[in-house]
Amino acid sequence: MEIAVISQNELEAQGLKWVMESHMNGVSVSFSKDARADCLVVDMDMWTDDLEKELNQRNISWVGLSSDRTFMTAYRALKGKAADLLFRPFDPLLLVKQLQQIRFQLRNEKTSEGSLKQTLLRYEDFFDAEVLTPAVTLAAFVLPDKAGYPLLSKQLKNYPFHKGAEIFAFSDFVLAAFLTDDEQACIEESRMFYESWKRENREDLSIFVNANRQLRLKDYYQGTRDMTSLIFYEGYDITVIEYEPIAWQPLDPFLTPVEQREWIEMLERKDTRAIHDWMQHEFLSYSRPYPDPEMIRVRLTSVLAQARRYMKSVHLQDEQWEQRYHEIFEVIIKDPVVYKIAQSTLNFIVNVVSAAVKHAESGESPASEEIRALMEANYWNPDWNLSACAEQLRMNKSTLSRRFQKQSGRKFSDLLMQIRIREANRLMKETDIPLDEVARLSGFGNASYFSAVYKKREKLTPSQYRQGELHLVD
């Protein structure tokens with residue numbers, strides 16, 4: 001595409017040339033109004049009757065630029081059939097976007113009717129088994145909250161992708177059809193959009209660029225849609241390029257008789273630590289190839305059924321407990337991320353066990369026992385703290401802290417840190433996993449924080465402990 005910039009400001013003209021050539025492939029920019037061009041960028045401050053006559057005679061698309069925000073300027077642009085009029089100061093990327101739209105229109109005019117090559121796609125093309133895949137690369141953009149899709153779709157349409165992209169909004173993701181078969185360029189442009197989205201909206205966004213191109217557009221689209229299911233395991237806020245089709249690993253979703261017996265025993269023993277370990281092993285340690293997410297949901301409902309049976313056996317059947325049970329069932333069925341589902345299910349079961357302890361005793365057990373049980377269930381989550389515990393128990397955190405210290409004689413934070421260090425010691429003693437993984441699994445988040453806290457409390461480094469060195473004394 002050849003573009004001519006007609007401007008009285010040489011510096012601005014050079015700047016526009018750099019913007020257009022750096023953001024659009026296959027464009028050539030000149031500065032002569034007599035040059036052969038597919039499109040013109042015209043400084044309206046240079047407007048004359050001769051220029052108006054020349055634009056009408058050439059009959060090509062043009063974009064006007066002006067510093068004069070008056071009716072006359074707008075009238076001249078309208079009369080001259082300008083594609084757009086931008087007033088200074090303006091965002092150069094808006095100019096790039098308008099020029100891309102002009103290029104798309106020129107391509108459509110030059111292509112034969114009915115051909116998909118270099119033409120705009122239609123929604124129905126993605127569901128027509130006869131349509132072959134043109135030279136496009138599909139990418140799915142997914143948000144945690146569907147209410148954000150109108151804004152996401154708008155920003156994608158306005159974003160100046162170098163290769164050009166057509167945007168299609170569906171109910172559970174927004175599809176971008178990049179006008180190129182260079183998948184690597186598409187992932188790079190997607191990451192640039194991701195950075196722009198995070199700066200402006202501060203909301204998680206997942207992007208899946210599908211490099212597993214199919215002969216038929218319907219199959220290519222369905223493969224792209226399938227990739228969005230990976231969010232169930234990998235969460236939001238990722239930008240990836242997928243080269244292989246999604247293939248789910250077979251899984252029997254129902255608890256075996258042995259597993260059912262194990263759950264009965266854990267619940268009867270009120271062993272929240274064993275319950276936590278079982279849940280973490282079953283639902284938080286997946287790697288590719290993953291099982292079908294729907295099978296995992298069924299398996300989680302099987303676990304919930306064990307909790308339901310236990311609730312009946314300890315007479316936790318009032319209206320409040322029924323409501324909590326149905327809330328967790330809804331989470332299992334609808335929540336998009338397995339990490340959150342497993343955590344919510346675990347918290348519910350721990351609360352059931354804590355309530356059963358109270359029922360089993362003559363009078364309620366101290367609040368410290370219930371809080372300790374929650375610590376054992378949540379210590380591995382670095383974001384779980386006094387505020388999170390108070391929210392789970394529906395208590396004021398100051399009241400919770402004061403009551404816990406009075407009943408147990410210890411600060412909440414001290415005991416939580418002791419539990420995390422105890423788990424770290426167990427992992428370092430019983431496994432060979434790296435220290436950064438030890439830090440993550442024991443709730444410290446990262447290795448540097450883990451090392452600093454560990455050394456302060458234990459008077460030696462994690463490496464020294466793993467090597468068997470003696471605990472130092474003050």
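Me: How far apart are the closest N and O atoms in the salt bridge between Glu330 and Lys334?
Reply: Glu330 forms a salt bridge with Lys334. This is a predicted model. In it, the closest N and O atoms of the pair lie apart by 2.9 Å.

Me: Which helix holds both Glu330 and Lys334?
Reply: The two residues are 4 residues apart. That is about one turn of the helix. The helix covers residues 319-334, and its label is α12.

Me: Is Lys334 buried or exposed?
Reply: Exposed means over 50% relative accessible area. Lys334 has 60%, so Lys334 is exposed.

Me: How many salt bridges does the count come to?
Reply: A pair counts when a side-chain nitrogen of Lys or Arg is within 4 Å of a carboxyl oxygen of Asp or Glu. By this rule the count comes to 27.

Me: Which residue forms a salt bridge with Arg88?
Reply: The closest N and O atoms of this pair are 2.7 Å apart. The bridge links distant parts of the chain, 76 residues apart. Arg88 sits in the loop between β5 (84-87) and α4 (92-110), and its partner sits in helix α1 (residues 10-23). Both residues are buried, and the partner of Arg88 is Glu12.

Me: What is omega for the peptide bond that joins Arg88 and Pro89?
Reply: Arg88 has another feature besides its bridge to Glu12. A cis peptide bond joins Arg88 to Pro89, and Pro89 lies in the loop between β5 and α4. Omega for this bond is about -10°.

Me: How many residues apart are Arg213 and Glu183?
Reply: The side chains of Arg213 and Glu183 meet in a salt bridge of 2.8 Å, N to O. Arg213 is in the loop between β9 (206-210) and α7 (217-227), while Glu183 is in helix α6 (residues 183-201). The pair links distant parts of the chain, and the separation is 30 residues.

Me: Is Glu183 buried or exposed?
Reply: Buried means under 20% relative accessible area. Arg213 has 28%, so Arg213 is partly exposed. Glu183 has 18%, so Glu183 counts as buried.

Me: Which residues are linked with Arg273 in a network of salt bridges?
Reply: Arg273 belongs to a network of salt bridges. The residues linked with Arg273 there are Asp277, Glu423, Arg426 and Glu430.

Me: How much space lies in the largest cavity?
Reply: The count comes to 1 cavity of 30 Å³ or more. The space in the largest cavity is about 50 Å³.

Me: Which element gives the largest share of the lining of the largest cavity?
Reply: The lining includes His276, Tyr339 and Trp380. Two helices, α10 (272-283) and α13 (338-360), each supply at least two lining residues. The largest share is 4 residues, and it comes from α13.

Me: How many charged residues does the lining of the largest cavity have?
Reply: Take the lining by class. There are 6 nonpolar residues and 3 polar ones. The number of charged residues is none: the lining has no charged residues.

Me: What is the area of the nonpolar surface patch made by Phe71, Met72 and Tyr75?
Reply: Tyr75 is found in helix α3 (residues 71-79). A patch residue needs over 30% relative accessible area. Tyr75 has 40%, so it passes that cut-off. The patch made by Phe71, Met72 and Tyr75 covers about 360 Å².

Me: How far apart in space are Ala247 and Arg288, C-alpha to C-alpha?
Reply: Ala247 is in the loop between β10 (239-242) and α9 (257-269). Ala247 is exposed, with a relative accessible area of 54%. In sequence, Ala247 and Arg288 are 41 residues apart; in space, C-alpha to C-alpha, the distance is 9.3 Å.

Me: Which residue has a cis peptide bond from Arg288?
Reply: Omega for this bond is near -5°. The cis bond runs from Arg288 to Pro289.

Me: What is the phi of Lys81?
Reply: Lys81 lies in the loop between α3 and β5. Lys81 counts as exposed, at 71% relative accessibility. Although Lys81 is not a glycine, its phi is positive, at about 60°.

Key. Residues numbered from 1 in each chain as written. Predicted model: local features only at pLDDT ≥ 70, side-chain atom pairs only at ≥ 80, totals over all residues. Heavy atoms only, no water. 1 Å grid on protein atoms, 1.4 Å probe; cavity = no way out; pocket = protein on both sides within 12 Å on 5 of 7 lines; lining within 4 Å. Points joined across faces, edges and corners; volume = space filled by probe spheres on them. Nonpolar A, V, L, I, M, F, W, Y, C, P; charged D, E, K, R; others polar. Patch = residues over 30% accessible without salt bridge, like charges linked within 9 Å, V, L, I, M, F, W, Y side chains within 5 Å. Areas by Shrake-Rupley, 256 points an atom, 1.4 Å probe, with all protein chains shown as cover. Buried < 20%, exposed > 50% of the residue type's maximum accessible area, 1.4 Å probe, protein only.
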